[in-house]
Amino acid sequence: MTLLKLGIYVILISSLLSSCGLFGGGDDDIKGGEVVWSVKNQEILTVSTKPTIDEDHVYFIQDAKLKSYTLKKGEHRWSVRICQQGRTCDYSRTIVQTEDLLFIDQGFTIQAHAKSDGRIIWETNITDDAVEVSGIGSPIMSQDQTYLYAGRKGYVLKVQKSNGEIIHRYELDRMVPDGVIQGSTEPIISPFGDDILYVPGSYFDHSQPTPEKASGGNIFAFNALNGALIWEREIIVTIPNPYPDIPGDSLTGSPMIYDISVTEDEVIVLAGFSIVALDRMTGDPVWKTYFSKGGFDVGLAVKDNGVYAASIGSFATRLDLLTGNVLWQRDIKFSNTSIPTIQDGRMYFNNSGGGGIWVLDTEDGSVIYNEPPPNHSNDSFDVYISSLGVGEGYMVNVGSKAVYCLTVP
């Protein structure tokens with residue numbers, strides 16, 4: 001190859017790579033990690049529900065409405081009100097999607113919307129009792145091909161996706177003190193085709209003197225077809241004794257469960273200050289890892305033999321899935337209450353306690369990107385709030401002042 005041909009070849013390859021948008025967006029003048037479009041909030045509301053991305057479109061909750069925009073250009077497609085004006089409408093932490101539908105858990109109701117225009121396909125009344133929809137945090141629905149699984153205080157529901165019909169109710173009246181009701185934040189149907197429904201249950205007994213004695217966390221495995229109990233397990237952990245007037249160097253307790261993930265062999269549990277692995281088929285403990293720096297709210301993901309979590313104690317971590325050993329920890333400065341995404345060797349999350357987006361290298365935890373919204377230096381109340389939607393080379397977040405779409409750094 002002559003030098004002239006080689007030069008032309010290099011120029012052509014460089015042009016091709018730049019036009020592919022490998023770092024998101026596909027626009028030559030937009031760098032990775034920069035805002036490509038935004039939509040200002042009309043109401044002063046903080047929305048924590050994670051935006052969902054599907055190819056060329058993004059769906060999110062803003063100003064008491066479910067909205068859809070084009071992902072690359074930020075062109076408005078449709079908006080539909082899903083609750084009363086002046087409410088955040090983000091009872092759930094996620095939006096569940098299929099090829100044609102979006103499913104929104106609104107606490108008292110569950111709604112199905114058409115992706116094409118946002119119209120309501122069905123809406124099912126779940127309860128009129130506020131007690132059943134309060135006090136359990138922001139739950140997450142899961143799905144299989146036919147059904148949704150939604151947690152409440154006292155029970156979990158199996159709901160038909162085609163018409164919203166309630167098919168089964170799994171009672172959570174087990175392993176709790178008399179008069180105490182436990183709720184479920186994240187029932188997960190097994191993705192392995194064996195019809196096992198894993199249900200984390202948490203409760204608080206106000207009659208007890210200390211948080212360690214008052215809280216409780218249980219895991220249940222149900223046969224999703226008939227509701228039969230397969231196994232149940234109370235999560236027990238040991239922590240250093242925080243009370244000088246109580247004898248002993250350590251205390252045992254059953255903390256509340258904030259997040260779970262299901263792998264082929266195990267159920268991974270975020271419980272208080274610990275991450276716990278249980279055998280998926282028996283519920284037997286496999287390993288437990290305690291963190292003295294701080295506990296967890298949400299923020300769990302499992303991928304490629306790694307367990308990833310970001311805590312309310314200002315750190316992100318990766319554990320070995322097989323042993324629970326800590327592989328790395330990263331100081332993230334502020335508390336985290338958002339869902340992480342593991343994708344292409346990176347850990348993405350919004351550190352909602354500090355209002356900034358983080359992107360970490362999953363290999364060693366090194367920081368690839370950490371930035372607040374571009375106007376944050378002029379307005380400290382301009383921060384990212386929701387969990388971070390990631391896909392197709394873009395990141396989307398519902399902030400305190402606007403919805404932002406950024407290119408992946």
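Modeller: Let's start with contact, which means heavy atoms within 4.5 Å. This is a predicted model, where local features need pLDDT of at least 70, side-chain atom pairs count only at pLDDT 80 or more, and totals for chains, interfaces and linings use all residues. Residues are numbered from 1 along each chain as its sequence is written, and side-chain values use heavy atoms, with hydrogens and water left out.

Colleague: Leaving aside neighbours within four places in sequence, which residues is Ser 190 in contact with?

Modeller: Ser 190 is in contact with Ile 196, Tyr 198 and Arg 280.

Colleague: Where is Ser 190 found?

Modeller: Strands are DSSP runs of E, at least two residues, numbered from the N terminus. Ser 190 is found in the loop between β14 (188-189) and β15 (196-204).

Colleague: Does Ser 190 count as buried or exposed?

Modeller: Buried means under 20% relative accessible area, exposed over 50%, and partly exposed in between (1.4 Å probe, protein chains only). Ser 190 has 7% relative accessibility, so this residue counts as buried. Its side chain also reaches the backbone nitrogen of Phe 192, at 3.2 Å.

Colleague: Good. How many disulfides does the structure hold?

Modeller: A disulfide is a pair of cysteine sulfur atoms within 2.5 Å. The structure holds 1: Cys 83 is joined to Cys 89, with S to S at 1.7 Å. The angle about the S-S bond is -75°, and the link of Cys 83 and Cys 89 is left-handed.

Colleague: Why do Cys 83 and Cys 89 count as buried?

Modeller: Cys 83 is buried because its relative accessibility is 10%, and Cys 89 because its relative accessible area is 3%. Another buried cysteine is Cys 405, at 0% relative accessibility.

Terms used. Helix = DSSP H or I, 4+ residues; strand = E, 2+ residues; numbered from the N terminus. Polar contact = N/O pair within 3.5 Å; in protein donor to acceptor, adjacent residues only side chain to side chain.
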